[in-house]
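Please look over the sequence and the model before reading on.

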Protein chains: 2
Amino acid sequence: MKVVALAGGVGAAKFLSGLIEIVPPEDLTIIVNTGDDFLWMGLYICPDLDTVTHTLAGLSNPETGWGVQGDTFRCLDRLQQLGGESWFRIGDLDLATHLFRTNRLRDGCSLSEVTAEICVRNEIHCRILPMTDSPVPTLVHTDEGVLAFQEYFVRRKCEPVVKGFSFEGVELSQPAPGVMEALVSSGAVIVCPSNPFISIGPILAVPGIREAMRQAEATVVAVSPVVEGQAIKGPTAAMLAQLGHDVSAAGVAAMYADILDAFVLDTRDEALRSRVSDLGLAVRTAETIMNSAQARVDLARAVMEMVP
Amino acid sequence: MKVVALAGGVGAAKFLSGLIEIVPPEDLTIIVNTGDDFLWMGLYICPDLDTVTHTLAGLSNPETGWGVQGDTFRCLDRLQQLGGESWFRIGDLDLATHLFRTNRLRDGCSLSEVTAEICVRNEIHCRILPMTDSPVPTLVHTDEGVLAFQEYFVRRKCEPVVKGFSFEGVELSQPAPGVMEALVSSGAVIVCPSNPFISIGPILAVPGIREAMRQAEATVVAVSPVVEGQAIKGPTAAMLAQLGHDVSAAGVAAMYADILDAFVLDTRDEALRSRVSDLGLAVRTAETIMNSAQARVDLARAVMEMVP
């Protein structure tokens, strides 16, 4: 059975490192958010694609979940001496990927083509696709005005109050080659435990993707990114509150109700079972806090058990 | 007295590190060859500007004369794993300058503006100017066709036989701001011990520069880059031979005869004194092989003694 996963960054990458242990690589396609992509010193940075590829290649920094294990910051520190931008911490090894990608894009390659090349060089055998080959930068509408995503996320540390999101140019974008084919031919589509607004939201905003999932014959299962009203990492809970959603896993399930068949709650959220069930979804609980390699595999298995 | 120096890479940088010990920085302007500049992975690399700035900042690698002392190659090695270009060895610290420069050029700065910024950040107090703000890439005409300079120099290790040089677009280029003013207001113009074809040649090819030197009231002195028919480093001797010049310091002096007032021969080339003198130049000998910091200062002093 073919499996598709929709992925943001760190949470998704952890889950996927379990999933690749139980789904053969040739059967797995991962569709990754590119709304966070941005230019830094002229280099095209794709944080979520890099987090997923570095994690699946076994190269990610286990402490942060992003960046490269054992990376150094010699270039960045020297850049700071020269007066260059150093607010985004990019390591020397990490930099190589951005240089390579930017150069290939300049050569006329698409983002999906260069992503495929990076996968081959990292000996990743499943397929990793950007949601689209067009830049569709996430804009965060806040009480302090519209901010570029990294401006909000890294520089402002998610402090401004969010009023909404937009994905610039998304209405004219197309799913990257292979995305729609993967969605219609798969038996399972998994929405990884990622932020529903800024990780999964941009993917679902690419014309055709949400509709394809709604109509898919596949079983569509989401894993809650929220446990006891809190996200493991990042601003999911604050965004749910600021945008008037229920600050819980049930609030996330409601956002996806039109496309889901099933939802995986954390065991700590057993009490939410009936509320999610009332959305018309099959529900199960599982240990979603992935503190070990085994926990990641166990969660992946629990998710796949939702697929008939 | 104001002093101007025309400079290529390693040989010039060594000489200049002596010159700055005896000329106050506010009186010194260095005009640097940019014919070797090239794009690598989308970054704008200026080998001679970087060699001069790194050397004057005390950062250059004493073994190679270029690059940064104690640099590492983590980004480059990773880039190689990814399939990127790694034939040009750029270190992690070095990379920061290329990223900074490229980004500032993209912001709309001129090469002379970003060079001034790099000097300030490196605490270099004399003025370093590119010969021009326009790209004028050196093309090497060889028995194997026309090669880009780095292609000839680094990849092909100067093996093809040279038939001539051209500097693409030079006829439309202008001296960088400050270059002509420095030449006309100086009391001494020093042609550093650099390759006459590919280091000094491009500078003299920028419209106005050669003529300004010919007419300058300044004493124009060149230091021979050739000792006993050999260059300390690089393909100078081979180029002299391949292009039908006398393979000696006198051959180099003849190439500059129209702009020079004086020429400094190495002590080992005492026998060439009368031949250089016959070109109408004042001549002296000095120890031009700069094996120590003191030797660099001594040579600089010998050169300045030629200026009345």
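Why is helix α11 of chain B largely enclosed by the rest of the structure? The model discussed here is a predicted one.

## An enclosed helix in chain B

Helix α11 of chain B spans residues 249-256, and six of its eight residues are buried, so the rest of the structure largely encloses this helix. The buried positions are Ala249(B), Ala250(B), Gly251(B), Val252(B), Ala253(B) and Ala254(B). Elements of chain B that cover them include the strands β10 (219-223), β11 (226-227) and β13 (262-266), together with the helices α10 (236-242) and α12 (273-277).

In soluble globular proteins, nonpolar side chains tend to be buried together. The largest nonpolar core of this model holds 198 residues, and the members that touch the most others are Leu16(A), Ile30(A) and Leu16(B). Helix α1 of chain A (residues 10-22) provides the largest share of this core, seven residues.

Leu16(A) is in contact with Ala5(A), Ala7(A), Ile30(A), Val52(A), Thr55(A), Leu56(A) and Cys192(A), when its neighbours within four places in sequence are left aside.

## Where the two chains meet

Contacts between the chains involve 24 residues of chain A and 24 residues of chain B. On the side of chain A that touches chain B, α3, α4 (92-106) and α5 (111-121) of chain A each supply at least two residues. The largest share, ten residues, comes from α4(A). By class, this side of chain A comprises ten nonpolar, eight polar and six charged residues.

One helix pair illustrates the meeting of the chains. Helix α3 of chain A (residues 74-82) packs against helix α4 of chain B (residues 92-106) at an angle of about 45°, and their axes are 8 Å apart. This angle makes α3(A) oblique to α4(B). The crossing of α3(A) past α4(B) is right-handed. From α3(A), the residues Arg74(A), Cys75(A), Arg78(A), Leu79(A) and Leu82(A) meet Asp92(B), Leu93(B), Leu95(B), Ala96(B), Thr97(B), Leu99(B) and Phe100(B) of α4(B). The residues of this contact comprise eight nonpolar, one polar and three charged.

## A partly exposed strand residue

Thr285(A) lies in strand β14 of chain A, which covers residues 282-286. Thr285(A) counts as partly exposed because it has 18 C-beta neighbours inside 10 Å, whereas a buried residue would need 20 or more.

Although Thr285(A) and Asp266(A) are 19 residues apart along the chain, their C-alpha atoms are separated by 5.2 Å. Not counting residues up to four places away in sequence, Thr285(A) touches Leu265(A), Asp266(A), Thr267(A), Asp269(A) and Glu270(A).

Note on methods
Residues are numbered from 1 along each chain as its sequence is written. Chains are lettered from A and ligands numbered from 1 in the order in which they are written. This is a predicted model: local features need pLDDT of at least 70, side-chain atom pairs count only at pLDDT 80 or more; totals for chains, interfaces and linings use all residues. Axes are lines fitted to C-alpha atoms, for helices over the stretch in contact, and angles run from 0 to 180 degrees between N-to-C directions. Helices (H or I, at least four residues) and strands (E, at least two) are DSSP runs, numbered from the N terminus. Angles under 35 degrees count as roughly parallel, over 145 as roughly antiparallel, 65 to 115 as roughly perpendicular and the rest as oblique. A crossing is left-handed if the near helix is turned anticlockwise from the far one by less than a right angle, and right-handed if clockwise. Two residues are in contact if their C-beta atoms, placed from the backbone, lie within 7 Å. Ala, Val, Leu, Ile, Met, Phe, Trp, Tyr, Cys and Pro count as nonpolar, Asp, Glu, Lys and Arg as charged, and the others, Gly among them, as polar. A nonpolar core is a set of buried Ala, Val, Leu, Ile, Met, Phe, Trp, Tyr and Cys residues joined through C-beta atoms within 7 Å. A residue is buried if 20 or more other C-beta atoms lie within 10 Å of its own, exposed if 12 or fewer, and partly exposed in between; C-beta atoms are placed from the backbone.
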